[in-house]
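The sequence and the structure come before the discussion.

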Amino acid sequence: MLPPIPLVKKVCLIGPPGIGKTAHLERYAANRWQQQHVPTLAPKVTRTEMVLPLADRVQEVAVQVMVWDFPQPDHPSRREGTKLQGAAGLMLLARADSPDPVSEVLALRDWTDDFAPEAVHLGVLCQADRASHARGAFGRLAERAQEGGLPLMNASARTGEGVRASFLRMGEMLVAREPL
Ligand SMILES: Nc1nc2c(ncn2[C@@H]2O[C@H](COP(=O)(O)OP(=O)(O)OP(=O)(O)O)[C@@H](O)[C@H]2O)c(=O)[nH]1
Ligand SMILES: [Mg+2]
């Protein structure tokens, strides 16, 4: 069998303070959960790897994702925007229990377009364990996001639900746009 094709990509976690960016990444990269909020004070890059199949091919792709987790204010500005340079993927976080999380992730997408126009986007409704909505309700939110051109997933760093799936989905989107 041929060795996997190596790919290195920058992915940024985007969302307001305390939304759960670090928790989402820690659950994925280290399977760790911490209840206490320790604000991220400086940018941190975590290297993660995933091996994905290639459609119609026997060869796989080894995607090395450099995940950027950095402090962000409630209203993102140009200062944070410059950190998105070179990003191939953006994970946009809103709380699953917020009144209108779809508008929040779409607004984040619009803001990031100025700084990383080439990036693929994935909306993540985080802290899903706090949201009381049933699966049907999530389906309607996902439909609305999809109408805005944004794939959406549910995730909880506390329980781990959907976290790995969100990174895999991002990896698949990154591979899909490579001319391999
Ligand atoms: N119940 C629940 N709480 C969560 C979840 N994810 C994060 N939290 C809590 O939310 C708080 C903030 O999480 P962080 O991951 O530190 O948030 P952040 O976006 O990195 O915050 P800053 O670095 O300050 O911007 C912590 O107290 C976490 O325990 C989740 O999936 N479920
Ligand atoms: Mg943080």
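## Helices, strands and core

Helix α5 has a set of buried residues: Val 163, Ser 166, Phe 167, Met 170, Gly 171, Leu 174 and Val 175. The model is a predicted one. In α3, burial applies to Pro 101, Val 102, Glu 104, Val 105, Leu 106, Leu 108, Arg 109 and Thr 112. For both helices, the table sets the distance from the first C-alpha to the last beside the span expected at 1.5 Å a residue.

| Helix | Residues | Length | Span | Expected span |
|---|---|---|---|---|
| α3 | 101-113 | 13 residues | 19 Å | 18 Å |
| α5 | 163-176 | 14 residues | 20 Å | 20 Å |

The span of α3 is close to the expected value, and so is that of α5.

Strand β1, residues 5-14, pairs with two strands. With β3, residues 60-69, the pairing is parallel and runs over eight bridges. Within this pair, Cys 12 lies opposite Trp 68. With β4, residues 89-95, β1 is again parallel, joined by four bridges. Here Leu 13 has Met 91 as its bridge partner.

The largest nonpolar core counts 46 residues. Val 11, Met 91, Leu 92, Leu 93, Val 124, Leu 125 and Cys 126 have the most contacts inside this core.

Which residues does Val 11 touch, leaving out those up to four places away in sequence? They are Val 65, Val 67, Trp 68, Ala 87, Ala 88, Gly 89, Met 91 and Met 170. One of these, Met 170, is among the buried residues of α5.

Terms used: Residues numbered from 1 in each chain as written. Chains lettered and ligands numbered in written order. Predicted model: local features only at pLDDT ≥ 70, side-chain atom pairs only at ≥ 80, totals over all residues. Pairing = 2+ DSSP bridges. Core = buried A, V, L, I, M, F, W, Y, C linked by C-beta atoms within 7 Å. Buried ≥ 20, exposed ≤ 12 C-beta atoms within 10 Å, placed from the backbone. Contact = placed C-beta atoms within 7 Å. Expected span 1.5 Å × (residues − 1).
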